[in-house]
Structures are given as C-alpha cells and as structure tokens.
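Please keep the sequence and the 3D view open as you read.

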Amino acid sequence: MQQFPEHEQRVADIAAQVAHRAAHGQKIHITKKSGHHVVPLPGDRRFKDAPVDISALSNVLHIDADQRTCSCEPGVTFRQLVQATLPLGLIPTVVPELEGITVGGAVAGCSVEAMSYRYGGFHDSALEYELVDGQGQVLRCSPTEDADLFHMIHGSYGTLGILSQITFRLIPASPFVRMEYRHLGSYKEMHRQLGELCNSDAYDFIDGIIHSPRQCTLCLGTWIEDPPYVSDYTVEEIYYKSTARRTEDYLRTEEYCFRYDTECHWLTRTVPPLEWRPVRRVLGKYLLGSTNMIRWSNRLSRLQSMIQRRPDVVVDVFIPYGEMPRFWQWYEADFDFYPLWIVPYRVKEVYPWIAEAFGQGMEEVMTDDLIVDCAVYGRPNNERGKDYSRLLQAKTHELRGIKTLISRNHYDTPADFWHVYNKENIQAAKARTDPRGVFPGLYETFGLVE
C-alpha cells in the first residue's frame, strides 16, 4: 500500500481517539460527513455510543490509470469517485445506485449493481484494506496478507474496526450507455432470460424492474461512445417509469450510475407531490435524491413512529437463483408490492461470515454462482397481525437467502441469528481486531434491533 503523509496523519489522529476510548473502557460508533445509508428506525441503538468522527477520511488518494487501480479513503462517495475516474476512461466494477453511498459503506455492507452479474459485489474488487482496530493500531490486510481478516471485513458493518483506506480495481468505461428495455409478460420468462444473459457477454449491465406480475422489464445496458440523444432523469423526468414504456434509451455514464438516486428508486411515490412536475422543478434540489430523502426521513422519524405502527418495508434480500421461482410464487401471492428491483449477483464462493451449514444450503441452489438481489422499497406495513418485514425475512431464510442487516431485523433468539451468521468466524475476527469490545458486536448491533 502506497504511503500518503497527509492521509497517515489523519489516520493517526483517529487511531489516537480510538486508543483513548479503549483505555477508558468506552464503546464507540463512527460518524461521518455523509449520512448513514441505513433504514431509519425509531429507538435505533446503533448510534448511541461515543462517536469517533471520520469525516476527514474523504479523499481520493491515488488513481493508477495504467494498472487500473484506485486508493481512497472510506468517506469518498461514489459520486466523487466516478467524477474522479470517468475522465480517465475508468470506473469501479460496481457503482452503487445511490450517489451518497461511500466506499467504506459499500465494503462494510453489501453493495451490488447492474455489473454484479459479472464482477460480484463492490468488495470483490478490493485489493487491500487499511483498518484502525479497537486498540488504535493500524492494520493492513489483503487476499495474500492476513487473508482471513481480509475476507471478514466485508459484511462486518463496522464492528471489526474503522476502515481507513481501500485499494480496489477499476475497469474501462465509455462516456455513454445505451439501454435496451425488454418487456416480458411473466416472471417465469424473465427468470429464464436472466439466467441465459448472465452467462453470456451480450451486455455490460443487467438488472430488471418488475412493475407488476404481467409487466417485467429487463434493463440491459451497453457501453457506447456516440449516442443519438441523451435523456435526463435528474429533475422532471422519472427514470423507473420510463423503463415501463420505452424500449431504448441513452444516458451519460455518470447519470446511468445514479439513475435511481433522484427518486431513491421509487420512494418519491410515497409522497405523491414529489412526482408532480411543478414541485420537482421548484423544490427538487431540496427534496429529491437519496441524501435529501434520508435526511428528511431522519428528521421526521419520531413523528412517523407516532402515526405508523411500523416503518414501511425498505430492504434488500438475496435469494439463490435456483430458489427464485419459489420466492416469486410466494411474493406474488402474499407480498404483492411493486415495483420490485431485481439485480443478479455473482458469488464465486459463500462468504466466511455465513454459517457453514447455512452456506452449504445456499451453494446447493445458487445455480451458476448466481444470487438475485430483490430490493423492496416502500411497502406499507400497517396491517394488524401481519408484519411484512418479518414475513419477508422468514421466507428469505427458508429459501436459504440472506437479508441485509441495515433494515429491521427479527431474530427472536441468539440461536436464530447464529443459524445464519458464522459465530465462530465472526468472534475470531472480533478477538483479532477488537479484544476489548470497543466497537459493537454484530449480534449486539443487529440481532437485537427491530
């Protein structure tokens, strides 16, 4: 890992804060300049401990255009990153769809997008991590140096330490993307074509939107240099709606990467005026976009909890490709909420933080190493006697899938949690980087939060 003196000083300052807190037996949580991209939950305990501010770690440190690598700090947003790499004809292998997501967040959680059918998650492009551990020491790890720790950092959600630098691969990019929208009358046909396309080199980007059980759209993108026209979905026009009526479109690459950000997928429709042209034209810069929506959601969470019995369902679940027909049969009959975002995701081997027996079950039904990210954004959840968030988690685990932990979780006992997550490997990594328990544990952070 290259040396960057100013970066090293910033990391040393943060490491000193951690060491001081550890010496005084204080637990800490991380604060940063950009907002946390987690589902706001009333009474959330994830941010109650003493803060360590890592806002200074928000710099792109080095881009090697010849080797196609980038080193940056964890607070760099993907909007910043794309703006730095795209002029060089390069882009990360996976660019999360919301522009405020940070590089560190994409590693610590799980970020996938329309190139994930080929490259996996963003973390699969990582070459090296730098980490401030729970004693204020600076560690470095890679697939060849401290590999066990390296493979546990993804999916740790900040419970093993503070990521302070990430080095990762880049790939060639063109300035524009041509989109083809393939309209299909059933999920059965979508599933068949999705599997075929993910095993071909026909397209650079593959995802899909299920607008209704009879209106499924495969969104297929290809790099191009010279488009006949360029569409703009940042103010008045609404991207997700365009995919239901168009068969072709052209976008600038940067705007393609963040095509879902303006509506935060389709959460604007939960407040209908946000889809009205005059409102968007006049107030869009204050109200539209994931960063604005997360900010307003946090401000209004207390009021919302007084009005609603439960938050709306906002969650990604990862279903093995071989189980998707069963998932869809259940989803259409019992869950019945659209649009549903579909992203195929290549997982070459089950991650070590997944419980061994659970992971073996996943491998049996993945089919060609594929998992499908099914993203639910905004399903109302106020029916008496029926918690759709709990139902979705139960069905996901029944079908040997994984649910992101940044939303509501429903683990009634520790055994329920450790049935899915690998307790031995997680605790071994925790003992390695945080023996005093300065950072919250994975179960203590997420297993007990509902």
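## Ground rules and the sheet

Two strands count as paired if DSSP finds at least two bridges between them. Helices (H or I, at least four residues) and strands (E, at least two) are DSSP runs, numbered from the N terminus. This is a predicted model, in which local features need pLDDT of at least 70 and side-chain atom pairs count only at pLDDT 80 or more, while totals for chains, interfaces and linings use all residues. Residues are numbered from 1 along each chain as its sequence is written, and side-chain values use heavy atoms, with hydrogens and water left out.

With that settled, let us look at the sheet. Eight strands make up an open, antiparallel sheet, and their order is β12-β9-β11-β10-β14-β15-β13-β16. At its edges are β12 (248–252) and β16 (402–403), each of which pairs on one side only. Within the sheet, β14 (residues 340–346) runs antiparallel to β15 (residues 370–379), and six bridges join the two.

## A hairpin

Another antiparallel pair is β3 (residues 60–64) with β4 (residues 69–72), held over four bridges. Here H62 stands opposite S71 of β4. The two strands form a hairpin with four residues between them, and R68 in the turn has a positive phi of about 60 degrees.

## Helix α6

How far apart are the end C-alpha atoms of helix α6? They are 16 Å apart, which agrees with the 16 Å that the twelve residues (187–198) should span at 1.5 Å a residue. The expected span is 1.5 Å times one less than the number of residues in the helix.

Burial is judged by relative accessible area: buried means under 20%, exposed over 50%, and partly exposed in between (1.4 Å probe, protein chains only). The buried residues of α6 are Y187, M190, H191, Q193, L194, G195, L197 and C198.

## Salt bridges

Side chains of opposite charge can pair when their charged atoms come close. A salt bridge here is a side-chain nitrogen of Lys or Arg within 4 Å of a carboxyl oxygen of Asp or Glu. The search of the whole structure finds 31 of them. One joins D204 and R118, at 3.8 Å from N to O. This pair links distant parts of the chain, 86 residues apart: D204 is in the loop between α6 and β10 (205–212), and R118 is in helix α4 (residues 116–119). D204 is buried because its relative accessible area is 17%, whereas R118, at 27%, is partly exposed.

E248 in β12 and R178 in strand β9 are 70 residues apart. Both partners are partly exposed, E248 at 30% and R178 at 24%. R246 also bridges to D249, with the closest N and O atoms 3.5 Å apart; R246 is partly exposed at 24%, but D249 is buried at 0%. Elsewhere, E323, R326, E364, K395, E398 and R400 are linked in a network of salt bridges.

E180, in strand β9 (residues 176–184), is buried at 18%. Its side chain makes a polar contact of 3.3 Å with that of R182.

D207 sits in strand β10 and is buried, with a relative accessible area of 1%. The side chains of D207 and Y260 make a polar contact at 3.0 Å.

## Backbone points to check

Most residues other than glycine have a negative phi, and most peptide bonds are trans. Y338 and P339 are joined by a cis peptide bond, with omega about 0 degrees; P339 lies in the loop between α11 (324–335) and β14.

C264 has a positive phi, near 50 degrees, and belongs to the loop between α8 (253–257) and α9. C264 is buried at 8%. D369, in the loop between α12 (356–365) and β15, has a positive phi of about 65 degrees and is partly exposed at 34%.

Methods
A polar contact is a pair of N or O atoms within 3.5 Å; within protein, one must be able to donate a hydrogen and the other to accept it, and residues adjacent in sequence count only if both atoms are side-chain atoms.
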